[in-house]
Amino acid sequence: MKTTLYIQNLKGLDSEKAILKRLSGLKHIKSISFKQQFGTMTFDYTSKEDIDRVKHVLSEIGFPPYGEKNLLRRKKISHLKKLNHVR
C-alpha cells in the first residue's frame with residue numbers, strides 16, 4: 001500500500017537525505033519520494049505499524065508529521081544556522 005505524509009521542516013535536499021538515511025533501514029518501507037513544494041513524503045508500506053514506525057523515526061530526527069508537536073524544531077534550526085555559518 002502507499003501513503004503520503006505532510007512533514008514539518010522539509011527543506012531542501014539535505015532534509016531528504018537525512019530522512020532517507022534513517023528510513024532506508026526500516027523493513028517494509030519502500031519507494032520513498034518527496035515533493036518539496038508540498039512538504040510531503042510518499043512511501044510504500046505493508047501494515048499500519050509501518051506507518052507508525054515511520055512517524056516515530058521522523059519525529060526523532062526533527063521532521064515530525066504535521067499535527068504532532070515539533071519538539072526538536074529549535075534544536076534543528078540552531079543546528080542548521082551553525083552549518084550555514086561553517087560553509
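Student: Why is Glu60 called partly exposed?

Tutor: Glu60 has 42% relative accessibility. Buried means under 20% relative accessible area, exposed means over 50%, and partly exposed is in between (1.4 Å probe, protein chains only). The 42% of Glu60 falls in between, so Glu60 counts as partly exposed.

Student: What should I know about the model itself?

Tutor: It is a predicted model, where local features need pLDDT of at least 70 and side-chain atom pairs count only at pLDDT 80 or more, while totals for chains, interfaces and linings use all residues. Residues are numbered from 1 along each chain as its sequence is written, and side-chain values use heavy atoms, with hydrogens and water left out.

Student: What makes Arg22 and Glu60 a salt bridge?

Tutor: Their closest N and O atoms are 3.4 Å apart. A salt bridge needs a side-chain nitrogen of Lys or Arg within 4 Å of a carboxyl oxygen of Asp or Glu, so this pair qualifies. The pair links distant parts of the chain, with Arg22 in helix 1 and Glu60 in helix 2, 38 residues apart. Helices (H or I, at least four residues) are DSSP runs numbered from the N terminus. Arg22 is partly exposed, because its relative accessibility is 40%.

Student: How many salt bridges does the structure hold?

Tutor: There are four. One of them joins Lys48 and Asp52, with the closest N and O atoms 3.1 Å apart.

Student: Why are Lys48 and Asp52 separated by about one helical turn?

Tutor: Because they are four residues apart in helix 2. Lys48 is exposed, since its relative accessible area is 53%, whereas Asp52 is partly exposed at 36%.

Student: How do you know that Asp50 and Arg53 meet in a salt bridge?

Tutor: Their side chains come to 3.3 Å, N to O. They are three residues apart in helix 2, so about one helical turn separates them. Asp50 is buried at 2% relative accessible area, while Arg53 is partly exposed at 33%.

Student: Why is Ser15 called buried?

Tutor: Ser15 has 6% relative accessibility, which is why it counts as buried. Ser15 sits in helix 1, residues 12-23. Its side chain reaches the backbone oxygen of Lys11 at 2.9 Å.

Student: And Tyr66, is that residue buried or exposed?

Tutor: Tyr66 counts as exposed, because its relative accessibility is 55%. You will find Tyr66 in the loop between helix 2 (48-60) and helix 3 (73-86).

Note on methods
Helices (H or I, at least four residues) and strands (E, at least two) are DSSP runs, numbered from the N terminus. A polar contact is a pair of N or O atoms within 3.5 Å; within protein, one must be able to donate a hydrogen and the other to accept it, and residues adjacent in sequence count only if both atoms are side-chain atoms.
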